[in-house]
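Let's take a walk through a protein structure together, one piece at a time. Please have a look at the sequence and the model before reading on.

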Amino acid sequence: MTTHFFGDTAVLTGRSLRHVTRSLDTIITTAITPIAMMLLFVYVLGGAINTGTDSYVTYLLPGILIITVASGIAYTAYRLFLDLASGIFDRFHSMPIARSSVLWAHVITSLVANLISIVVVVLVGLLMGFRSSAGVLGWLAVGGILVLFTLALTWLAVIPGLTATSVDGASAFAYPLIFLPFISSAFVPTQTMPGPVRWFAENQPVTSIVNAIRDLFAGTPVGADLWIALAWCVAILVVAYLVAMAAYRRKLA
Amino acid sequence: MTSTPVAAPAITVRGLEKSYGKVEVLKGVDFDVARGSIFALLGSNGAGKTTVVKILATLLKSDAGSAGVNGFDVARQAADVRQSISLTGQFAAVDEILTGRENLVLVARLRHLRNPGTIADDLLERFGLTEAATRKVSTYSGGMRRRLDIAMSLIGNPPVIFLDEPTTGLDPQARLEVWQAVRELAAAGTTVLLTTQYLDEAEQLANRIAILHDGRIIVDGTLAELKQLLPPAKVEYVEKQPTLEDVFLALVGQDT
């Protein structure tokens, strides 16, 4: 509709990226929690976990990356909620700008912030002995899945960001998402789990995403998991986007 | 249509209605604001003042009625309305994490103006914020925030400015600073619609005052006209006591 979409989005993204870089605690907590979990599982619990692989950190890293994104998007909801609460969201919307830029700036900021955390976590993983035999294409494929996954969860985070009535409510929705990898193949193979739990673990999105990333890192052929993972990501993205846009339109009705 | 055939009013509101669920907030609001004047919308908390402002600023859609700002219809020509206005919301809508100067540059960029840096520096000086320019806004006092907020609203010289309860929560000194800024705006030809719950604020600033009560405008006129609604003034002898505000300002050492 307006010709300023890209310029306005760039200006507003620059603004919210400053929020990220100026509150170092958010960067640290988004990367530190998954790193601490990785340390705990590799050096404390890992010895007792039999995954049928040589290196537990190599087995574990894909799941840790999922947890990194799941905890990172809580800040996306938080930043959006604060913009609404402070009235600056209204200020932007009463200005002659491309209105959709306001949400997209938050989405792009979320992507950038989460990708930075992912890189940090991968680097720590490498220090801890994570090894991948993936080629450039494999790494690109992993990057692609993670970007898609982050985008899907980011739009999911937009919903509480727009509708929450308190700061706590805005970020609390991330807890179940952080918990989901525990009931998946992220930490232990699903074969050891009792029937119903195993059924749940094998049919929830995290398992297929983690398996696909694990296979790509290992350089082994990726089976149906890749397509199931992509389908989950796209489905979550589409549904979350539609619900988020409906919530957005209700704000301005 | 209105009493001023020369220039069309800057704001026209006709039969505006708005409900939130079953709660009818506005039940048919009508008023006009003349170009270059200060118009005060007075009402108690929850009277619907903010709802009126939000509809005029294209942030909410009315259920019925029409509203025009600077000659544009708020529902059908929202983009033109946004080009003509600035909104200063109920709470200083400034970015706490950015510095004062960055806030101004941000707004200048979003209004697609050239030389955002120069615009920011000019406004910082005009509002006495030059020394605080590079500090994070979270370190500002309430009055400084409000001044920055109003300065942000002036960028691009919009002909119509909405100030929603501009002095709520400010100390007396900051209040006087804001009043001064509003007077200067109107002197420069900007139309100002302000909402307030402080009667003296309307009395001090406004050319016209409308009282919004129970979803309707119950009175609309100049201060003199409103005063005529009550029995004529009687002459009484009252000992002139300084008000607490006089005392406070004298002690703090800041005269108007």
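This is a predicted model: local features need pLDDT of at least 70, side-chain atom pairs count only at pLDDT 80 or more; totals for chains, interfaces and linings use all residues.

Residues are numbered from 1 along each chain as its sequence is written, and chains are lettered from A and ligands numbered from 1 in the order in which they are written.

Let's begin with names. Helices (H or I, at least four residues) and strands (E, at least two) are DSSP runs, numbered from the N terminus. Strands of a sheet pair through backbone hydrogen bonds, either parallel or antiparallel. Here, two strands count as paired if DSSP finds at least two bridges between them.

Now find the open sheet of six strands in chain B, with the order E6-E7-E8-E3-E9-E10 and mixed pairing. Strand E6 (85–88) and strand E10 (216–221) of chain B stand at the edges with a single partner strand each, so one side of each has no neighbour in the sheet. From one strand to the next, the twist averages 15°; axes are lines fitted to C-alpha atoms, for helices over the stretch in contact, and angles run from 0 to 180 degrees between N-to-C directions.

Next, look at strand E8 (residues 191–196) of chain B. E8(B) pairs in the parallel sense with strand E3 (residues 38–42) of chain B over five bridges, and Phe39(B) stands opposite Leu193(B). Strand E7 (residues 160–164) of chain B also pairs with E8(B) in the parallel sense, over five bridges, and there Val160(B) has Thr191(B) as its bridge partner. Together, E7(B), helix H6 (residues 172–187) of chain B and E8(B) make a right-handed β-α-β unit. Right-handed means that, with the strands pointing away from the viewer, the path from the first strand over the helix to the second runs clockwise.

Is E8(B) covered or open? Six of its six residues are buried. A residue is buried if 20 or more other C-beta atoms lie within 10 Å of its own, exposed if 12 or fewer, and partly exposed in between, with C-beta atoms placed from the backbone. Thr191(B), Leu193(B) and Thr195(B) point one way, Val192(B), Leu194(B) and Thr196(B) point the other way, and all are buried. E3(B) has both faces covered too: Ile38(B), Ala40(B) and Leu42(B) are buried on one side, and Phe39(B) and Leu41(B) on the other. E3(B) also runs parallel to strand E9 (residues 208–213) of chain B, joined by four bridges, with Ile209(B) as the bridge partner of Ala40(B).

Chain B has another open sheet, of four strands in the order E2-E1-E4-E5, with antiparallel pairing. Strand E2 (23–33) and strand E5 (72–73) of chain B are at its edges with a single partner strand each, so one side of each is left without a neighbour. Strand E1 (residues 11–20) and strand E4 (residues 64–69) of chain B run antiparallel, joined by five bridges, and Ile11(B) stands opposite Val69(B).

Turn now to helix H3 (residues 100–110) of chain B, where 10 of the 11 residues are buried. The cover includes helix H1 (5–22) of chain A together with helix H4 (116–126) and helix H5 (142–154) of chain B. After H3(B) comes His112(B), whose phi is positive, near 60°.

Finally, visit chain A. Helix H3 (residues 56–86) and helix H5 (residues 100–127) of chain A pack at an angle of about 150°, with their axes 9 Å apart. That makes H3(A) roughly antiparallel to H5(A), because angles over 145 degrees count as roughly antiparallel, under 35 as roughly parallel, 65 to 115 as roughly perpendicular and the rest as oblique.

Key
Two residues are in contact if their C-beta atoms, placed from the backbone, lie within 7 Å.
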